[in-house]
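Take a look at the model below. Then read on for a short tour of its strands and charged side chains.

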Amino acid sequence: MSTIGFGARLKHLEAGLNYQVSIGSPVNDFEYEGVVFTNNIRYRSLGYYVAYRVEF
């Protein structure tokens with residue numbers, strides 16, 4: 001799994017972006033009746049946020 005993220009803050013207002021991607025397939029190769037099946041499925045996730053900070 002690899003993650004890239006960045007964010008910015010201006011006074012108390014924040015915004016950010018996160019991107020995650022799997023390096024390898026989460027499904028293992030398997031063999032059925034002598035034929036090997038490979039799965040090149042990749043997991044990807046994109047998230048973002050906007051927040052307001054309150055400090056005490």
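The report starts with the sheet and then turns to the salt bridges.

This is a predicted model, in which local features need pLDDT of at least 70, side-chain atom pairs count only at pLDDT 80 or more, and totals for chains, interfaces and linings use all residues. Residues are numbered from 1 along each chain as its sequence is written, and side-chain values use heavy atoms, with hydrogens and water left out.

**The sheet**

Three strands form an open sheet in the order S1-S2-S5, with antiparallel pairing. S1 and S5 stand at the edges with a single partner strand each, so one side of each has no neighbour in the sheet. From one strand to the next, the twist averages 10°. That angle is taken between axes, which are lines fitted to C-alpha atoms (for helices over the stretch in contact), and it runs from 0 to 180 degrees between N-to-C directions.

Strands here are DSSP runs of E with at least two residues, numbered from the N terminus. Two strands pair if DSSP finds at least two bridges between them. Strands of a sheet pair through backbone hydrogen bonds, either parallel or antiparallel.

**Strands S1 and S2**

S1 covers residues 2-10. S2 covers residues 13-21, and nine bridges join the two antiparallel strands. Thr3 stands opposite Gln20 in S2. Gly7 has Gly16 in S2 as its bridge partner. The hairpin of S1 and S2 has two residues between the strands, and Lys11 takes a positive phi near 55° there.

How many of the nine residues of S1 are buried? The number is zero, so S1 lies largely in the open. Buried means under 20% relative accessible area, exposed means over 50%, and partly exposed is in between (1.4 Å probe, protein chains only).

**The salt bridges**

The structure holds two salt bridges. A salt bridge is a side-chain nitrogen of Lys or Arg within 4 Å of a carboxyl oxygen of Asp or Glu.

| Salt bridge | Closest N and O atoms |
|---|---|
| Arg53 with Glu14 | 3.0 Å |
| Glu55 with Arg53 | 3.3 Å |

What does the pair of Arg53 and Glu14 tie together? Arg53 lies in the segment after strand S5 (44-52) and Glu14 lies in strand S2, so the pair ties together parts that are 39 residues apart in sequence.

Glu14 is buried, with a relative accessible area of 16%. Salt bridges that share partners join Glu14, Arg53 and Glu55 into one network. Arg53 is partly exposed at 33% relative accessible area, and Glu55 is exposed at 52%.

Conventions
Helices (H or I, at least four residues) and strands (E, at least two) are DSSP runs, numbered from the N terminus.
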